[in-house]
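Reader: I have a new model open on my screen and would like to learn how to read it. Can you walk me through it, one feature at a time?

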Amino acid sequence: MWYLELENLAKVDPELVEMMKKEIDRQEYSLELIPSENFVNPALFEAMGSVLTNKYSEGYPRKRYYGGNQFVDMIEQLAIDRVKKIFGVPYANVQGYSGSPANFAVYMATCKPGDLIMGHALPDGGHLTHGWKTSFSGIFYNSVQYHVKQDGYIDIEEVRRLALENKPKLIWVGGSAYVRQFPFEEFSKIADEVGAYLAADVAHVTGLIIAGEHSNPVPYVDIIMTTTHKTLRGPRGAIIMVTERGLKKDPLLGEKIDKAVFPGLQGGPHDHTTAAIAAALNLAMKDDFKEYGRQIVKNAKALADSLMKRGMKLVSDGTEVHLMLIDLTPFGKGKGIFVQEALDLAGITLNKNTIPADPSSPFYPSGVRLGTPAVTSRGMREEEMDIIAGMIVRVIDEVKNYEMPDEKEKRAEVLKKFREDIEKNEVIKEVKQDVVELCKRFPLYKK
Ligand SMILES: *Cc1c(COP(=O)(O)O)cnc(C)c1O
């Protein structure tokens, strides 16, 4: 297939193609467990890699600043109509370049710089763009953060107390490392009490919402942002929706979102991406997508159970979505980096992550985050989740006794020695072989 062969590209840039082919093999022969990643249906590459990338279409369908947009108008309208149909919302914008700029547009539409906003703290599973101090959202807005309790659930009493105390203009519900369902209804009551806009950021769980596996935010929130490249299995992009509830609160909210995206903070939309979003939405309307969403959750529950059966501690003792967090503190603090790197070497990709009330730091956190959307796209099921759990625990057993020193100066040395050790580790080599064999049984693009 052209997206594997890259013959024409090799003629103009062989050096680049060599690198890309290594990445193609990495994806084909390793287990992708990063919960925000997925594999798109290769049909979508024909939209992403199309002549649509040549066009400028600043503005919106039938209101453009450039000529020649009659067909791009049709394509963008198709994507918008499909969003409205799938989610039952009156308004959608599909131009956001990615989740973070789309969230920025939500702020621009609802707040002035310096206004008070509230979001789920990043170390507790939230997202940078929900008011974290190093992000635009914590720099340009006055941010208050809420947390999860020791059991992993959002501390809804804290949310209510902080909202009443601070009277935020905008409240976010949603995040990137939360293993329970987001309580949209409870947030809506709090937002109503204080007159705040309520925005759901469902970047991670859109596919589960479509499949009916996660509660639906549409009746409860004013604005919904989702990325299109996570459980939705589309290209890298974003969708912003306004609900009936949102329009009732502010009839101009849809127009405000449009103006915030363009000309507020973006220029020309990526029409090739818009086309691929339309195609991803078309696939998401089919029954087998619902089946896919259900299997993601079944697989996540199976993987969580298999890990716990083998003695691993999970945040919140399990999951009801597509991802889970292994709490590595029974082995000591700050172990996430050792586990991530050793598993990476074994061909199992996941990421180090903070756990609630992490005793270590965000750069050397005490947990790892993993999930099932990508392996489910390959066709793996519960049986394979048990095999994967076994591989993960074998590798963790090899590295759980490494310690990250508190003294910063000593860390580089410890990591260097650790990396030399795992290169030579026989168990890790064996697991890597097993990973390749398993991947070959579930071919991705090399069918
Ligand atoms: C991934 C994610 C985003 C940001 O998306 P990017 O495309 O990486 O900018 C925003 N919010 C949440 C909750 C996410 O998980």
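Author: Let's begin with one term: a contact means heavy atoms within 4.5 Å. With that in hand, take the contacts in this protein between residues at least 6 apart in sequence: 71% of them join residues at least 24 apart. Keep in mind that this is a predicted model.

Reader: What does the protein contain in the way of helices and strands, and how does its radius of gyration relate to the globule rule?

Author: There are 19 helices and 15 strands. The radius of gyration comes out at 22 Å, close to the 22 Å that the globule rule gives for 447 residues, so the protein is as compact as a globular protein of that length. Along the principal axes, the C-alpha atoms fill a box of roughly 60 × 60 × 45 Å. As for burial, 57% of the 447 residues count as buried.

Reader: Okay, helix pairs next. How do I read the angle between α17 and α19?

Author: The general idea is that an angle over 145 degrees counts as roughly antiparallel, and one under 35 degrees as roughly parallel. Here α17 (residues 382-399) and α19 (residues 426-441) pack at about 160 degrees, with axes 10 Å apart. The two helices are therefore roughly antiparallel to each other. α17 passes α19 in a left-handed crossing. On the α17 side the contact is made by Glu384, Ile387, Ile388, Met391, Arg394, Val395 and Glu398, and on the α19 side by Val427, Ile428, Glu430, Val431, Asp434, Val435, Leu438 and Arg441. By class, those contact residues divide into nine nonpolar, no polar and six charged.

Reader: And which way do α8 and α9 run, parallel or antiparallel?

Author: Helix α8 (residues 156-166) and helix α9 (residues 184-194) pack at about 15 degrees, and their axes are 10 Å apart. That makes α8 and α9 roughly parallel to each other. Their crossing is right-handed. In α8, the residues Ile156, Val159, Arg160, Ala163 and Leu164 meet Glu186, Phe187, Ile190, Glu193 and Val194 of α9. This contact has seven nonpolar, no polar and three charged residues.

Reader: How many residues of α15 are buried?

Author: For burial, the cut-off is under 20% relative accessible area. In α15 (residues 336-345), seven of the 10 residues are buried, so this helix is largely enclosed by the rest of the structure. The buried ones are Gly336, Ile337, Phe338, Val339, Glu341, Ala342 and Leu343. They pack against β13 (348-349), β14, β15, α17, α18 (408-424) and α19. Two of those partners, α17 and α19, also pack against each other. After α15 comes Gly347, with a positive phi near 85 degrees.

Reader: Are Leu6 and Ala357 buried or exposed?

Author: Leu6 counts as buried, at 12% relative accessibility. Ala357, with a relative accessible area of 60%, is exposed.

Reader: And where is the cis peptide bond?

Author: The bond from Phe262 to Pro263 is cis, with omega near 5 degrees. Pro263 belongs to helix α12 (residues 253-265).

Reader: Last topic, sequence separation versus space. How far apart are Gln27 and Thr349?

Author: Compare the two distances. Along the sequence, Gln27 and Thr349 are 322 residues apart, yet C-alpha to C-alpha they are 9.8 Å apart. Gln27 lies in α3 (residues 14-29) and counts as partly exposed, at 26% relative accessibility. Leaving out residues up to four places away in sequence, Gln27 touches Phe39, Arg378, Leu444 and Tyr445.

Technical notes: Residues numbered from 1 in each chain as written. Predicted model: local features only at pLDDT ≥ 70, side-chain atom pairs only at ≥ 80, totals over all residues. Heavy atoms only, no water. Axes fitted to C-alpha atoms, helices over the stretch in contact; angles between N-to-C directions. Helix = DSSP H or I, 4+ residues; strand = E, 2+ residues; numbered from the N terminus. Parallel < 35°, antiparallel > 145°, perpendicular 65-115°, else oblique. Left-handed = near helix turned anticlockwise from the far one by under 90°. Nonpolar A, V, L, I, M, F, W, Y, C, P; charged D, E, K, R; others polar. Rg over C-alpha atoms; globule rule 2.2 N^0.38 Å. Buried < 20%, exposed > 50% of the residue type's maximum accessible area, 1.4 Å probe, protein only.
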